[in-house]
Amino acid sequence: MSGTSAALKPPADAVKPVRHPDAPAPGELLGAHYEHCFGCGGGQPHGLHLQARAGEGVGVTAEFTVQAAHQGAPGLAHGGVLATALDETLGSLNWLLRVIAVTGRLETDFVRPVPVDTVLFLDAEITAVHGRKIYSRATGRIGGPDGPVAVRAEALFIEVKVDHFIENGRPAEIRAAMADPDQAKRVRAFEVNP
């Protein structure tokens with residue numbers, strides 16, 4: 001990306017990311033972390049329903065189809081929706097490190113318009129880790145995984161503890177998520193962007 005801010009440049013002593021041994025296998029569908037997530041949850045009628053898959057190394061791929069409810073200008077995806085798709089894809093990278101992290105900064109370049117009914121093919125990777133900071137980047141293409149670039153982003157995620165969500169989330173949703181009898185769903189519900 002041209003003009004990347006200093007906040008998104010890893011310091012000289014940042015380390016290469018290492019895929020956690022218990023990370024999902026390459027090609028594995030990651031699924032929704034929370035049913036009501038606007039980015040990946042099936043419980044959001046107008047959500048993105050973005051589906052991400054673990055890639056090789058510390059990367060993921062994802063897809064979502066731009067629906068009429070995602071319009072900004074007539075017949076074109078809203079830029080905020082495209083930024084959400086990038087953020088959701090970048091956030092799913094944290095599954096490969098097996099950490100809970102939230103978006104600290106997201107810088108997005110909009111390269112070309114994305115029409116309604118277009119499938120956006122996203123590819124993301126973690127580039128560096130420095131303490132609790134996780135640096136990553138993503139690209140969204142149209143017309144296929146090797147098609148022209150429509151959007152791209154660089155991001156900084158910050159590793160947090162589950163208390164971040166418990167202390168800041170709306171109590172009704174926190175109680176409902178904590179009460180889910182499925183332990184895996186309970187844990188996944190809190191692995192989200194802020």
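Guide: A salt bridge is a side-chain nitrogen of Lys or Arg within 4 Å of a carboxyl oxygen of Asp or Glu. This is a predicted model, where local features need pLDDT of at least 70, side-chain atom pairs count only at pLDDT 80 or more, and totals for chains, interfaces and linings use all residues. Residues are numbered from 1 along each chain as its sequence is written, and side-chain values use heavy atoms, with hydrogens and water left out.

Visitor: What makes Glu-125 and Arg-137 a salt bridge?

Guide: Their side chains meet at 2.6 Å, N to O. The cut-off is within 4 Å, so the pair qualifies.

Visitor: Why does this pair tie together separate parts?

Guide: Glu-125 lies in strand β4 and Arg-137 in strand β5 (residues 133–142), so parts 12 residues apart in sequence are joined. Strands are DSSP runs of E, at least two residues, numbered from the N terminus.

Visitor: Why is Arg-137 called partly exposed?

Guide: Buried means under 20% relative accessible area, exposed over 50%, and partly exposed in between (1.4 Å probe, protein chains only). Arg-137 has 44%, so it is partly exposed. Glu-125 has 32%, so Glu-125 is partly exposed too.

Visitor: How many salt bridges does the whole structure have?

Guide: A search finds 3. One of them joins Asp-109 and Arg-152 at 3.6 Å, N to O. That pair links distant parts of the chain: Asp-109 is in β3, Arg-152 in β6 (residues 149–159), 43 residues apart. Another joins Arg-105 and Glu-107 at 3.0 Å, N to O.

Visitor: Are Arg-105 and Glu-107 buried or partly exposed?

Guide: Arg-105 has a relative accessible area of 37%, so it is partly exposed. Glu-107 has 16%, so Glu-107 counts as buried.

Visitor: What makes β3 and β6 a pair?

Guide: Two strands pair if DSSP finds at least two bridges between them. Here 9 bridges join β3 to β6, so they pair. They run antiparallel. Arg-105 has Leu-156 as its bridge partner in β6.

Visitor: How do you know that β5 and β6 pair?

Guide: They share 9 bridges, in the antiparallel sense. At least two are needed, so they pair. Lys-133 stands opposite Ile-158 in β6. The two strands form a hairpin with 6 residues between them. Gly-143 in the turn has a positive phi of about 80 degrees.

Visitor: Why is Thr-118 called buried?

Guide: Its relative accessible area is 15%, under 20%, so it is buried. Thr-118 sits in the loop between β3 (101–110) and β4 (119–130).

Methods
Helices (H or I, at least four residues) and strands (E, at least two) are DSSP runs, numbered from the N terminus.
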